Amino acid sequence: MTARAEDWQVYLLECADGTYYCGCTCHMERRLAQHNGSLPGGAKYTRTRRPVRLLATRRCAGRAEAQRQEALVKRLPRARKPAFFAAADAAPGNRDVPRRDLAAPAQAHSPVAT
């Protein structure tokens, strides 16, 4: 069975030891079952850190985009990984950059009293 482009998503798991695992798939339920050992497969990383819990997913336009998003998440510091998924309102054309990073508040300049 061939996956449709709109089925691809990048996901973030939290492992039993508190670490994160990021991946991409077109069959989230099956992939989660693989990570938890219910089905054959799953990442070597998660095999010794079960059970894993699905924290977040983000739909992608296709496999290539899902793989790019996964690589981006893996480069982020741990604290920013959940925020990446929470930024569903990312600016058009900048889907991989959370809006708060694009629209950082301007520095307010107060008049100097003389």
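On one side of helix α3, R68 and R75 are exposed. The model is a predicted one. The points below begin with the opposite side of this helix and move on to the elements packed against it.

**Helix α3**

- The buried residues of α3 are E65, A66, Q69, E70, L72 and V73.
- The length of α3 agrees with expectation: its 13 residues, at 1.5 Å a residue, should span 18 Å, and the end C-alpha atoms are 19 Å apart.

**E70**

- E70 belongs to α3, which covers residues 63-75.
- With a relative accessible area of 15%, E70 is under the 20% limit and therefore counts as buried.
- Leaving aside residues up to four places away in sequence, E70 touches V10, C22, G23 and C24.

**Strands**

- In β1, 5 of the 6 residues are buried, so the strand is mostly covered.
- β1 pairs with β2 in the antiparallel sense, over 6 bridges.
- Within this pairing, L13 stands opposite Y21 in β2.
- The hairpin of β1 and β2 has 5 residues between the strands, and G18 in this hairpin takes a positive phi near 90°.
- β1 also runs antiparallel to β3, joined to it by 6 bridges.
- L12 has A56 in β3 as its bridge partner.

**Nonpolar cores**

- The largest nonpolar core has 14 residues, of which W8, V10, C22, A66, V73, F84 and F85 touch the most other members.
- At least two residues of this core come from each of β1, β2, α3 and α4.
- The most is given by α3, with 3 residues.
- Another core, of 7 residues, lies apart from the largest one and includes L13, C15, Y21 and A43.
- In soluble globular proteins, nonpolar side chains tend to be buried together.

**Cis peptide bond**

- The peptide bond from R50 to P51 is cis, and its omega is near 0°.
- P51 is placed in the loop between α2 (44-47) and β3.
- For context, most peptide bonds are trans, and most residues other than glycine have a negative phi.

**Cysteines**

- The count of disulfides comes to 0.
- For C24, the closest cysteine sulfur is that of C60, at 7.7 Å, which is too far for a bond because a disulfide needs the two sulfur atoms within 2.5 Å.
- C60 is in no disulfide either, as its nearest cysteine sulfur is that of C24, 7.7 Å away.
- C24 has a relative accessibility of 18% and so counts as buried.
- C60 is also buried, with a relative accessible area of 5%.

Methods
Residues are numbered from 1 along each chain as its sequence is written. This is a predicted model: local features need pLDDT of at least 70, side-chain atom pairs count only at pLDDT 80 or more; totals for chains, interfaces and linings use all residues. Side-chain values use heavy atoms; hydrogens and water are left out. Helices (H or I, at least four residues) and strands (E, at least two) are DSSP runs, numbered from the N terminus. Buried means under 20% relative accessible area, exposed over 50%, partly exposed in between (1.4 Å probe, protein chains only). Contact means heavy atoms within 4.5 Å. The expected span of a helix is 1.5 Å times one less than its number of residues. A nonpolar core is a set of buried Ala, Val, Leu, Ile, Met, Phe, Trp, Tyr and Cys residues joined through side-chain atoms within 4.5 Å. Two strands pair if DSSP finds at least two bridges between them.
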